[in-house]
Amino acid sequence: MSEPTLVLLVSADEEYLAEFEGALGDTAGFQVTTAATVDEAVARLSTADVDCVVSDYDLPDSNGVRLLQVVRASAPTLPFVLFTSCGTQEIASDAITADVTDYLIKERFGDQWDRLGALITDAVSHRRNRDESIDTTTHTAAVLNAIPDGVLVVRDGRIVFSNERAGVFLADGSSGLERERVDRVLRSTDGTLEAVAEPVVDGRRAFARVEVDLLVPNRGYVPVEVSIARADWRGSRSIVYVVADVSDRRATEHELAIKSRAVDDAPVGIVLADAEADDLPLVYANDRFEELSGYSEAEILGRNCRFLQGDGTREEPVRTVRDAIEAGKPVTVELLNYRKDGAEFWNRLTVAPIRDEEGTVTHYVGFQEDITTRKEHERHLGTLDRVLRHDLRNRLNVIMGHGEAIREAAAGEPVAEHAEKTMAAVEDVLRMAERGREINRMLLERPNRVELEIVPEVSHALEDLRRTRPDATIAFSPSCPDDRVVFATENAADAVTRIVEYLLDHADADHPYVDVTIAETDSGVRIRIANDAKPIPEIEQDVLLDTDEINPLNHGQGLDLWFVYWVVRRSNGSMSFEDVDETGNVVTIDLLT
């Protein structure tokens, strides 16, 4: 009767180990021995006549490819099957260059054990038939030279073999490394490499791995991963060093760490949901989301984000998000959410899909911004608008009615003059209320910048103003083409006419004069509004430039200037006083194209 095929299974997955042993260990012709780490596997290979290695890629002390590479120094033809939970092109390429027998994706169903058993049987049979005719020395060198990492075989402290990659990387390709002392070739910055290698060299361990900065010719210190293992090199006990340049990986990890910190420390809540799992469970939440929601990470992960919803959450924005997710499109909504303690907060939620290289949506990222303060401000502005529109206006109209009645009843009497002044003051207050409502409406809306042909826009607005101010001269002389376009709010021309009106009202003349010009600049246009009247008081300049509050003594005019300030700001423009002296005023508004 032939000896059973001895299979070494290397995996830290206890469930898979049990399934493997249960399936193949009970099958005639197979004997299974196991190892959980590369260290245990290398030690087992040195003491047992193993016919085939089956190894998981993910191992506690290294990975299956590193095990394969060190095995190839001692056993270049030993059948080696590598399996992984999720394969990548890089892993497959590294395994193939080290002459892997087969590369499989781990399964937990179907006829995998029958197929694996047949694969092992065929591979072992092929090796036994081939070993007698193969030149092992030549084959070993060919396999090790194909490995993309540096491989050194060391005996008694001196290098007896170096693959081609080691010659290029560690010796700059100018000379061979054979017969060199390994401690002169592999020199770490602080002796860490030597300390890690020592237990393997003196036989206390079979394998070790370390990342160090290695002194490399013409490059200085380079970050490398060094795997050290015992090996039987052509019948003699030796040590194998596999040296991998990890500069690119270290740079990628550094970049990812920066991005990870940026996400972790972001001032808005950020979550990731698994698009491939049922009900889109959250798989990540940053610190700000925990603060915003009041829930801990353990209470967040694994749940759908709808746990923030409550009785006051409207269905419409929820449905909008649901429809966008089903369509794989980004979406932004504002909805009422609830913290863990039941407190309400307004959430500006943006959800966007994350796709893999093939365009498949794998995750959704969600950004949560607490806009409760803004919503409360909008509510206050809305309330003020209603007060100005209804309550205040209605009461002032009542006063106006009584004033007119008093004036008519007291015609020719001194009290009629007081009634006239009262009505004028009421008209001013009504005008102020309308200006306040105008500003409120503007602030309640998001800025909507559009393309404007600014010359005809301003020309039409000034023409309307001339009809209401026949006493004034309003000159307009643009030097840029009529079709010159700027990006600004639709009421940008109103800001110009408000400045013109202010300068006309401010002038102490029977026939005031204002000159308006529009000229091109490198980035857009400059609108220049000038007069020859007394200078604008500094306190009202401050309103235009947002350096002070509205002048309480001239609040009617201040509201007009405040309107101008907001129109220019929301148009992404700027405003300045080009020149202010005893001879007049020059106000400039710059708008971008």
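## Exercises on a predicted model

**Exercise 1.** Find the largest nonpolar core and state which elements give two or more residues to it.

Solution. Step 1: the largest nonpolar core has 38 residues, and Ile527 is among those with the most contacts inside it, along with Ile454, Val500, Val516 and Ile529. Step 2: the contributing helices are H16 (454-468), H17 (492-506) and H19 (555-570). Step 3: the contributing strands are E20 (485-489), E21 (513-520), E22 (524-531), E23 (574-581) and E24 (584-592). Step 4: H17 supplies the largest share, nine residues. A second, separate core has 37 residues, including Val38, Val53, Phe207 and Val242.

**Exercise 2.** Decide whether Asp149 is buried or exposed, and describe its surroundings.

Solution. Step 1: Asp149 sits in the loop between helix H6 (136-146) and strand E8 (150-155). Step 2: its relative accessible area is 13%; buried means under 20%, so Asp149 is buried. Step 3: beyond four places in sequence, Asp149 touches Arg66, Gln69, Asn163, Arg165, Val242, Val243 and Ala244. Step 4: with one of these, Arg66, the Asp149 side chain makes a side-chain polar contact at 3.1 Å.

**Exercise 3.** What percentage of the residues of the protein chain count as buried?

Solution. Step 1: the protein chain has 593 residues. Step 2: of these, 42% count as buried.

Key. Residues are numbered from 1 along each chain as its sequence is written. This is a predicted model: local features need pLDDT of at least 70, side-chain atom pairs count only at pLDDT 80 or more; totals for chains, interfaces and linings use all residues. Side-chain values use heavy atoms; hydrogens and water are left out. Buried means under 20% relative accessible area, exposed over 50%, partly exposed in between (1.4 Å probe, protein chains only). A nonpolar core is a set of buried Ala, Val, Leu, Ile, Met, Phe, Trp, Tyr and Cys residues joined through side-chain atoms within 4.5 Å. Helices (H or I, at least four residues) and strands (E, at least two) are DSSP runs, numbered from the N terminus. A polar contact is a pair of N or O atoms within 3.5 Å; within protein, one must be able to donate a hydrogen and the other to accept it, and residues adjacent in sequence count only if both atoms are side-chain atoms. Contact means heavy atoms within 4.5 Å.
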